[in-house]
Amino acid sequence: MSTYGNQVQFNVYSTMHNPDPERLPKVYEEWEEQARKVLADGPYYYVAGGAGGEQTMRDNVCAFKDWKIVPRMLRNVEERDMSIELFGRKYASPLLVAPIGVQSIIHPDGDVGTAKAAASLHIPYITSSASSQTMEEIAGNIDASPKWFQLYWNRDREVTKSFVRRAEAAGYEAIVVTLDTPMMAWRERDLQNVYLPFLQGEGIANYLSDPAFRNALSVPPEEDPKGAIAHWSKTFGNPGLTWEDIAFLREFTNLPILLKGILHPEDAALAVEYKVDGIIVSNHGGRQVDGAISAIEALPGVCEAVQGRISVLMDSGIRRGSDVIKALALGADAVLVGRPCMYGLAVAGERGVYEILQNMLADLDITLALTGCTSVGELQESMLQQITP
Ligand SMILES: Cc1cc2nc3c(=O)[nH]c(=O)nc-3n(C[C@H](O)[C@H](O)[C@H](O)COP(=O)(O)O)c2cc1C
Ligand SMILES: O=C(O)C(=O)c1ccccc1
């Protein structure tokens with residue numbers, strides 16, 4: 001047997017015979033602890049912090065505990081397959097790397113390092129509109145590996161259109177429109193640390209290199225960087241967005257469109273009506289609305305509304321293989337891994353992200369087998385028991 005899962009499992013276990021000289025953690029929480037040690041307060045809390053009192057951020061992780069896996073036995077789980085299909089393309093596993101902006105504040109390897117780590121494990125990478133390196137540079141570093149582009153809808157529609165065309169030209173295979181961030185939330189940590197990386201010109205590479213963005217400036221960013229940053233701040237978010245803008249985008253591109261940040265079943269139904277290809281159930285890692293429902297709690301209601309008509313992905317709280325199992329059993333087709341990759345990046349750059357993802361894949365493959373399944377498609381809600389507090 002030479003499945004993908006078996007290969008990652010073998011790679012992970014072989015380190016028992018040849019211990020890693022860097023001694024990178026295997027315990028997930030240790031990555032978090034080490035990241036805390038290597039990052040200064042500003043960048044650390046930018047990544048690890050959430051909106052308001054951070055209740056939703058904590059709930060995202062805790063709510064997974066309300067569902068317990070009930071494993072099945074004697075089911076011959078020797079041959080396994082973690083692959084999935086989305087929009088007519090086969091992917092090696094149900095993991096994707098979540099779009100995360102400003103990775104230059106975490107490690108000099110930045111977005112390119114994270115993207116390369118994902119690519120070497122055949123995991124799709126979602127480039128953020130707020131990436132530190134341009135979408136073209138990131139794409140150029142991962143060649144034919146699967147990649148999607150996350151769109152922050154700019155107030156200037158010409159910039160938005162230009163981003164989509166650039167993403168198409170650079171080989172991105174889907175557009176993820178993030179809906180939950182028309183403005184930055186009330187983030188007490190960042191306010192206290194007086195830390196907003198964009199104001200230092202971090203995370204705006206796609207804008208500074210964009211012809212439509214540059215057109216709107218009276219002086220080029222090279223001559224007046226402060227003016228360019230000020231223009232970015234004024235135009236970045238778009239609180240005026242409505243479903244009609246989604247209808248416009250549907251006409252504008254043939255790439256699959258996913259809406260990220262859906263939590264309400266009625267919005268999920270609207271997404272179907274507006275003919276997008278998928279949604280991502282997410283509360284942005286608890287970084288936007290404190291007090292919002294956790295993503296895993298929202299998932300069953302959303303899947304019920306969608307009835308399999310479009311793809312449903314989820315993020316916010318995925319930390320281990322068993323979390324992936326639960327999300328898939330509750331109806332997700334795939335999940336996005338966010339902060340864990342950033343802790344890996346902080347600790348060991350590209351190599352750290354690779355380790356985080358490889359460990360999660362191996363954990364997922366093993367836990368899938370021990371649950372009594374040979375493919376992720378077999379996962380269903382009847383394999384979980386909900387514990388009501
Ligand atoms: C530092 C940081 C930056 C992020 N930047 C973006 C972004 O640019 N675009 C986006 O759609 N989501 C962004 N997100 C949200 C992630 O895509 C994802 O929804 C979130 O991290 C999931 O929560 P988790 O990481 O706690 O599992 C960001 C998250 C973090 C932690
Ligand atoms: O910080 C975030 O959560 C986020 O989505 C973002 C927004 C703008 C630029 C960079 C990241």
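A residue is buried if 20 or more other C-beta atoms lie within 10 Å of its own, exposed if 12 or fewer, and partly exposed in between, with C-beta atoms placed from the backbone. The model is predicted: local features need pLDDT of at least 70, side-chain atom pairs count only at pLDDT 80 or more, and totals for chains, interfaces and linings use all residues. Residues are numbered from 1 along each chain as its sequence is written, and chains are lettered from A and ligands numbered from 1 in the order in which they are written.

**View 1. Glutamate 54, a non-glycine residue with positive phi.** Its phi is about 65°. Most residues other than glycine have a negative phi. Glutamate 54 sits in the loop between α3 (41-48) and α4 (55-62); helices (H or I, at least four residues) and strands (E, at least two) are DSSP runs, numbered from the N terminus. Glutamate 54 is partly exposed, because 17 other C-beta atoms lie within 10 Å.

**View 2. Arginine 23, also not a glycine, with a phi of about 50°.** Arginine 23 belongs to the loop between α1 (4-14) and α2 (28-38). This residue is exposed because it has 7 C-beta neighbours inside 10 Å.

**View 3. Strand β10 (residues 311-314), covered on both faces.** Ser311 and Leu313 are buried on one side, Val312 and Met314 on the other. Strand β9 (residues 278-281) runs parallel to β10, joined by four bridges. Valine 281 faces methionine 314.

**View 4. The surroundings of ligand 1.** The shell holds 22 residues, each with its C-beta atom, placed from the backbone, within 6 Å. The closest are Gly101, Ser128, Gly285, Gly338 and Arg339.

Definitions and conventions. Pairing = 2+ DSSP bridges.
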